[in-house]
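User: I've just opened a structure that is new to me. Could you walk me through how to read some of its features?

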Amino acid sequence: MFRAWDAARGGGLQRKAVVGQLNEVGGMLAYHHPPHLQRRLWGVAANLAVLAGWMSHDVGLEPTAQKYFVIAAHAAREGGDRPRAGEALSRAARQMVHLGRPDDALDLMKLAQSGSGERLQPRTKAMFHTIEAWAQASMGKGQAMRRTLGQAEDLFVSDRQDVEQPGWMQTFKDEDLYGMQALAYRTLAEFDPDAAAHAQYYAQKALALRVDGRERSKIFDHLSMASACFIADDPEQADRYARLALMSMGSNSSRRTWDRLREMYRLTAEYAGYPKIHELREEIELALPKPRSRGDGSARA
């Protein structure tokens, strides 16, 4: 329920409830339990801590998010779930790319992949590769990014789904793979404008499948598409997708969507002389919340 709410409306609305439940589980872990219950409690703690970290990152509480990701990785290891520990580190890596530190993200992804053990399923490996590819794109490493995305695609389609996915991976579907591919190509397009066409292609594929109420992901896809259209010199299409994103953002508590909107807004400057884009820029300027300090989120992971 908390995951679904976070995906639909952002991390701000239920974060304190998740933290409260995590504190309750922490209190339970202070007592001795039979081994099978102890492992389950550590697993619950890991799930709640990852979600608390993700929600904290989503609302811009970056140092707090880092602490919860560390707690999650520790709890998962205590519970014997190495893949879950790796996934917690992968969340921290996504945070690092968002904060403009792709080198730290790649270091974290190496730890995530090496520490996850042999139980890592193909779809989880594919998800890990998409994060690595986004970090590579942020550094302008187009060849490496394309190679990594190719590996992600191969792993994703090789998953026969004959083994039940862990609960924390059940939201990584086809549209999420496409969405991450769109984001990686859109990011690379800052260095290589030819990548914008690929970003548009994957964003369109993702949007065609966004039917499950995960509004935040849809906003991100609209922004990837709008940014790619601006880079590809198609301001009319860019205006359309930017407005679709803007229309949904008022009911969402995710600060990450506003951060991504600011990145897109920067691309509108070249087209400020167009009446439609001039109007769009004014609407964005009125809607944008004031930037908030990210605290000590610049510290090394």
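Analyst: Happy to. Let's begin with charged pairs: by the rule used here, the count comes to 18 salt bridges. Keep in mind that this is a predicted model.

User: Let's take one pair, then. Which residue forms a salt bridge with Arg84?

Analyst: That partner is Glu87, and the closest N and O atoms of the two are 2.3 Å apart. Arg84 and Glu87 are separated by about one helical turn, because they sit three residues apart in helix α5.

User: Are Arg84 and Glu87 buried or exposed?

Analyst: Both Arg84 and Glu87 are buried. For that word, the cut-off is under 20% relative accessible area.

User: Now for a pair from separate parts of the chain. Where do Arg210 and Asp176 lie?

Analyst: Arg210 and Asp176 form a salt bridge whose closest N and O atoms are 3.0 Å apart. This pair links distant parts of the chain: Arg210 is in the loop between α10 (195–209) and α11 (215–231), while Asp176 is in helix α9, 34 residues apart.

User: Why does Arg210 count as buried? And why does Asp176?

Analyst: You compare each value with the cut-off of under 20%. Arg210 counts as buried because its relative accessibility is 7%. Asp176 counts as buried too, because its value is 10%.

User: What does Arg210 do with Asp221?

Analyst: Arg210 forms a salt bridge with Asp221 as well, with the closest N and O atoms 2.6 Å apart. Asp221 is in helix α11 and Arg210 in the loop between α10 and α11, so this pair ties together parts that are 11 residues apart in sequence. Both Arg210 and Asp221 are buried.

User: Which residues are linked in a network of salt bridges?

Analyst: When bridges share partners, you can read them as a network. Here Glu175, Asp176, Arg210, Arg214 and Asp221 are linked in this way.

User: Okay, how do I read the surroundings of a single residue? What does Gln136 touch?

Analyst: Start with its place, then its burial, then its neighbours. Gln136 is found in helix α7, and it counts as buried because its relative accessibility is 8%. Leaving out residues up to four places away in sequence, Gln136 touches Leu106, Lys141, Ala144, Met145 and Thr148. With Thr148 there is also a polar contact, side chain to side chain, at 2.8 Å.

User: And Met96? How many residues apart in sequence are Met96 and Gly26?

Analyst: Met96 and Gly26 are 70 residues apart in sequence, and their C-alpha atoms are 27 Å apart in space. Met96 itself is found in helix α5. Met96 counts as buried because its relative accessible area is 1%.

User: Which residues line the second largest cavity?

Analyst: Its lining is made of Trp54, His57, Arg94, His98, Trp134, Arg256 and Arg260. The volume of the second largest cavity is about 40 Å³. At least two lining residues come from each of α3, α5 and α13. They divide into two nonpolar, two polar and three charged.

Note on methods. Residues numbered from 1 in each chain as written. Predicted model: local features only at pLDDT ≥ 70, side-chain atom pairs only at ≥ 80, totals over all residues. Heavy atoms only, no water. Salt bridge = Lys/Arg side-chain N within 4 Å of Asp/Glu carboxyl O. Helix = DSSP H or I, 4+ residues; strand = E, 2+ residues; numbered from the N terminus. Buried < 20%, exposed > 50% of the residue type's maximum accessible area, 1.4 Å probe, protein only. Polar contact = N/O pair within 3.5 Å; in protein donor to acceptor, adjacent residues only side chain to side chain. Contact = heavy atoms within 4.5 Å. 1 Å grid on protein atoms, 1.4 Å probe; cavity = no way out; pocket = protein on both sides within 12 Å on 5 of 7 lines; lining within 4 Å. Points joined across faces, edges and corners; volume = space filled by probe spheres on them. Nonpolar A, V, L, I, M, F, W, Y, C, P; charged D, E, K, R; others polar.
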